[in-house]
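Here is a short note for a first look at this model. Please read the points with the structure open.

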Amino acid sequence: MDQLSNYELFALLTTYGSDAGSHFMNFLAFFSAYLVAVYLVADRLGVRTLLSLSVLYVAVVAMTASGSYITLRGAVDIAKE
């Protein structure tokens, strides 16, 4: 990253920051959808179905969290420049 100008570094840092915000907003959307779905249909679904939905939710949140972590780690590396 030694060949990038200050402007390019700031632009890259801004891009990483907005990507991290997008990952967080995705997490909030998934979390809200999960809570609403479980609240509305929990009494009509079996234990197996609820468990499957919960496992699927955890997998999606893990992907979102890892994306956010990787993005923020990149932003920290850029900020050290």
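This is a predicted model: local features need pLDDT of at least 70, side-chain atom pairs count only at pLDDT 80 or more; totals for chains, interfaces and linings use all residues.

1. Arg73 is partly exposed, at 46% relative accessible area. Here buried means under 20%, exposed over 50%, and partly exposed in between, with a 1.4 Å probe and protein chains only. Arg73 sits in helix α2; helices are DSSP runs (H or I, at least four residues), numbered from the N terminus.

2. Residues are numbered from 1 along each chain as its sequence is written, and side-chain values use heavy atoms, leaving out hydrogens and water.

3. Ala79 is also found in helix α2. Ala79 is exposed, with 54% relative accessible area. Along the chain, Ala79 and Leu9 are 70 residues apart, yet 8.1 Å separates their C-alpha atoms.

4. Which helices supply the lining of the largest pocket? Both α1 and α2 (47-80) give at least two residues each. α1 gives the most, with five. The lining includes Phe30, Tyr34 and Val38, as well as Leu53, Tyr57 and Val60. By class it has nine nonpolar residues, no polar and no charged ones. Nonpolar covers Ala, Val, Leu, Ile, Met, Phe, Trp, Tyr, Cys and Pro; charged covers Asp, Glu, Lys and Arg; the others, Gly among them, are polar.

5. The largest pocket holds about 160 Å³ of space. A pocket is an open set of points on a 1 Å grid over the protein atoms alone, with protein on both sides within 12 Å along at least five of seven lines; lining residues have an atom within 4 Å of a point.

6. How many salt bridges does a search of the whole structure find? It finds one. Asp43 and Arg44 form this pairing through their side chains, at 4.0 Å from N to O. The term needs a side-chain nitrogen of Lys or Arg within 4 Å of a carboxyl oxygen of Asp or Glu. Asp43 is exposed at 67%, and Arg44 is exposed at 64%.

7. Phe24, Met25 and Leu28 make a nonpolar surface patch of about 300 Å². Such a patch joins nonpolar side chains within 5 Å, from residues with over 30% relative accessible area and no salt bridge. Leu28 lies in helix α1 (residues 6-41). Leu28 counts as partly exposed because its relative accessibility is 32%.

Conventions: Patches are made of residues with over 30% relative accessible area and no salt bridge: like charges are joined within 9 Å, nonpolar side chains (Val, Leu, Ile, Met, Phe, Trp, Tyr) within 5 Å. Accessible areas come from the Shrake-Rupley method with a 1.4 Å probe; for residues, only the protein chains shown count as cover. On a 1 Å grid over the protein atoms alone, a cavity is a set of points where a 1.4 Å probe fits but cannot get out, and a pocket is an open set with protein on both sides within 12 Å along at least five of seven lines; lining residues have an atom within 4 Å of a point. Grid points are joined across faces, edges and corners, and a volume is the space filled by probe spheres set on the points.
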